[in-house]
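Please read the points below against the sequence and the coordinates.

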Amino acid sequence: MMVQEKIRPAKVIGPLGEALTIDSLPPPETTRWVVRRKAEVVAAVNGGLLSVDEVCDRYKLTVEEFAGWQRAIDRSGMPGLRVTRIQHYRTLYERQQKY
């Protein structure tokens, strides 16, 4: 019987255009999440380098927290990941949905 393994890329393109590998991702003990680090982790998942479950286990995140990062990038790009701007972008997005 043949076991099907997931084929993963060795590297993906990060949010700033650089190549990301497993080794170049933020370390698992990261507790201070700046915009660039969040965007790198989201890019790794979107590129297939890691799965959502692996990211949540590796960084001790909830699925909801990670999904929030993905939504923020989809809606507003990297600036949407700034904690100080979340309410601004949320209001802007809600206004756009009305029209």
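**Note on the predicted model**

1. Three aromatic pairs are counted, where rings of Phe, Tyr and Trp (its six-membered ring) pair if their centres lie within 6.5 Å, with planes under 30 degrees apart taken as stacked, over 60 as edge-to-face and the rest as tilted. One of them is Trp-33 with Tyr-59, an edge-to-face pair at 5.1 Å centre to centre and 85° between the planes. This pair joins distant parts of the chain, 26 residues apart: Trp-33 sits in the loop between β2 (19-20) and α1, and Tyr-59 in helix α2. Trp-33, Tyr-59, Phe-66 and Trp-69 make up one aromatic cluster.

2. On provenance and numbering: the model is predicted, so local features need pLDDT of at least 70 and side-chain atom pairs count only at pLDDT 80 or more, while totals for chains, interfaces and linings use all residues. Residues are numbered from 1 along each chain as its sequence is written, and side-chain values use heavy atoms, with hydrogens and water left out.

3. The protein chain has four helices and two strands, in the order β-β-α-α-α-α from the N terminus on. These are DSSP runs numbered from the N terminus: helices are H or I with at least four residues, strands are E with at least two. Of the 99 residues in the protein chain, 26% are buried; buried means under 20% relative accessible area, exposed over 50%, and partly exposed in between (1.4 Å probe, protein chains only). The accessible surface comes to about 7100 Å², with 53% of it belonging to carbon and sulfur atoms (Shrake-Rupley method, 1.4 Å probe; for residues, only the protein chains shown count as cover).

4. Contact here means heavy atoms within 4.5 Å. Among contacts in the protein chain between residues at least 6 apart in sequence, 54% join residues at least 24 apart.

5. Which residues of helix α2 (residues 52-59) are buried? They are Val-55, Cys-56 and Tyr-59. These residues lie on the same side of α2, because they cover an arc of only 95° around the axis, taken from the directions from the helix axis to the C-beta atoms. Asp-53 and Asp-57, on the other side of α2, are exposed. The cover over the buried residues of α2 includes α1 (35-47) and α3 (63-76). Lys-60 follows α2 and has a positive phi, near 55°.

6. The largest nonpolar core holds 20 residues, and those with the most contacts inside it are Leu-25, Val-41, Val-55, Tyr-59, Leu-61, Phe-66 and Trp-69. Such a core is a set of buried Ala, Val, Leu, Ile, Met, Phe, Trp, Tyr and Cys residues joined through side-chain atoms within 4.5 Å. At least two residues of this core come from each of α1, α2 and α3, and α1 supplies the largest share, six residues.

7. Tyr-59 deserves a separate look. Tyr-59 is buried, as is Trp-33. Leaving out residues up to four places away in sequence, Tyr-59 touches Leu-25, Pro-26, Pro-27, Pro-28, Trp-33 and Val-41.

8. Two salt bridges are counted, each a side-chain nitrogen of Lys or Arg within 4 Å of a carboxyl oxygen of Asp or Glu. In one, the side chains of Glu-54 and Arg-8 meet at 2.7 Å, N to O. That pair spans 46 residues, from Arg-8 in the segment before β1 to Glu-54 in helix α2. Glu-54 is partly exposed at a relative accessible area of 29%, and Arg-8 is partly exposed at 33%.

9. Glu-40 forms a salt bridge with Arg-36, with the closest N and O atoms 3.1 Å apart. Glu-40 and Arg-36 are four residues apart in helix α1, so about one helical turn separates them. Glu-40 is buried, with a relative accessible area of 6%, whereas Arg-36 is partly exposed, with 37%.

10. Val-12 lies in strand β1 (residues 12-13) and counts as buried because its relative accessibility is 8%. Not counting residues up to four places away in sequence, Val-12 touches Glu-18, Ala-19, Leu-20, Ala-43, Ala-44, Gly-47 and Leu-49. The C-alpha atoms of Val-12 and Val-45 are separated by 9.4 Å, with the two residues 33 apart along the chain.
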